[in-house]
Amino acid sequence: MKFVSFLGNGGLIWLAISLVFVFSKRTRKWSILIWISMIMGLFFGNLILKNLFARIRPYDLYNVPIIIAHPSDYSFPSGHTLSSFAAAIALYKCNKKYGTIALVFAAVMGFSRMYLFVHYPTDILGGIGLAFVMVFFAERTIDFVEKKLKKI
């Protein structure tokens with residue numbers, strides 16, 4: 001679980017995967033959808049909601065030692081889960097096969113955060129729910145930009 005959680009640090013695994021998609025014209029839009037979804041998630045989840053809710057992490061509340069570096073931000077919503085599900089949902093919308101694999105990994109990522117005692121189940125659910133919203137708005141953003149570009 002420690003390794004799975006490490007893979008989600010900063011959403012780097014998802015950014016690396018989406019970078020591969022940039023190089024093919026057929027999959028470039030996949031990459032763009034993943035990036036926009038994750039950037040929106042970072043902004044709304046990590047920068048706004050975490051500070052708005054300011055929820056203390058479970059290991060702090062229950063004074064439990066943990067086996068990973070202590071996260072420096074608040075608990076709700078889970079940023080690892082948010083970025084993982086934002087990328088996985090975006091990928092699923094583009095390609096069901098790859099997206100299904102990504103969704104399974106995203107679920108394991110969310111579980112790893114609870115297992116490591118850095119998130120509550122509601123933090124994970126909040127990350128998943130926000131991911132759906134971010135992908136929805138990322139799709140609308142891409143549609144809007146495409147329509148504007150066609151007019152040029």
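Modeller: What follows is a short talk about charged pairs, surface patches and a few contacts.

Modeller: Before we start, please keep in mind that this is a predicted model, in which local features need pLDDT of at least 70 and side-chain atom pairs count only at pLDDT 80 or more, while totals for chains, interfaces and linings use all residues. Residues are numbered from 1 along each chain as its sequence is written, and side-chain values use heavy atoms, with hydrogens and water left out.

Colleague: How many salt bridges does a search of the whole structure find?

Modeller: The search finds 6 salt bridges, where the term means a side-chain nitrogen of Lys or Arg within 4 Å of a carboxyl oxygen of Asp or Glu. In general, side chains of opposite charge can pair when their charged atoms come close.

Colleague: Which residue meets Lys 29 in a salt bridge?

Modeller: The partner is Glu 146, with 3.3 Å from N to O. Lys 29 belongs to helix α3 (residues 28–53) and Glu 146 to helix α7, so this pair ties together parts that are 117 residues apart in sequence. Helices here are DSSP runs (H or I, at least four residues), numbered from the N terminus.

Colleague: And is Lys 29 buried or exposed, or something in between?

Modeller: Lys 29 counts as partly exposed because its relative accessibility is 41%, and Glu 146 is also classed as partly exposed, at 31%. The cut-offs are under 20% relative accessible area for buried, over 50% for exposed, and in between for partly exposed (1.4 Å probe, protein chains only).

Colleague: Switching to the surface, where does positive charge gather?

Modeller: A patch of positive charge is formed on the surface by Lys 147, Lys 148, Lys 150 and Lys 151. Patches are made of residues with over 30% relative accessible area and no salt bridge, with like charges joined within 9 Å and nonpolar side chains (Val, Leu, Ile, Met, Phe, Trp, Tyr) within 5 Å. Lys 150 lies in helix α7 (residues 121–151), and with 73% relative accessibility it counts as exposed.

Colleague: Which residues make the nonpolar surface patch?

Modeller: Met 1, Val 104, Val 108, Phe 111 and Tyr 115 make that patch, which covers about 470 Å². Val 108 is part of helix α6 and is partly exposed, at 32% relative accessibility.

Colleague: Last topic: what does Ser 112 touch?

Modeller: Not counting residues up to four places away in sequence, Ser 112 touches Met 1, Val 4 and Ser 5, where contact means heavy atoms within 4.5 Å. Ser 112 lies in helix α6 (residues 96–115) and is buried, with a relative accessible area of 0%.

Colleague: And where is Ser 5 placed?

Modeller: Ser 5 is in helix α1 (residues 2–7), and with a relative accessible area of 3% this serine is buried. Leaving aside neighbours within four places in sequence, Ser 5 has contacts that include His 80, Met 109 and Ser 112.

Methods: Accessible areas come from the Shrake-Rupley method with a 1.4 Å probe; for residues, only the protein chains shown count as cover. Lys and Arg count as positive and Asp and Glu as negative; His and the chain ends are not counted. The place of a charge is taken as NZ of Lys, CZ of Arg, CG of Asp or CD of Glu. Helices (H or I, at least four residues) and strands (E, at least two) are DSSP runs, numbered from the N terminus.
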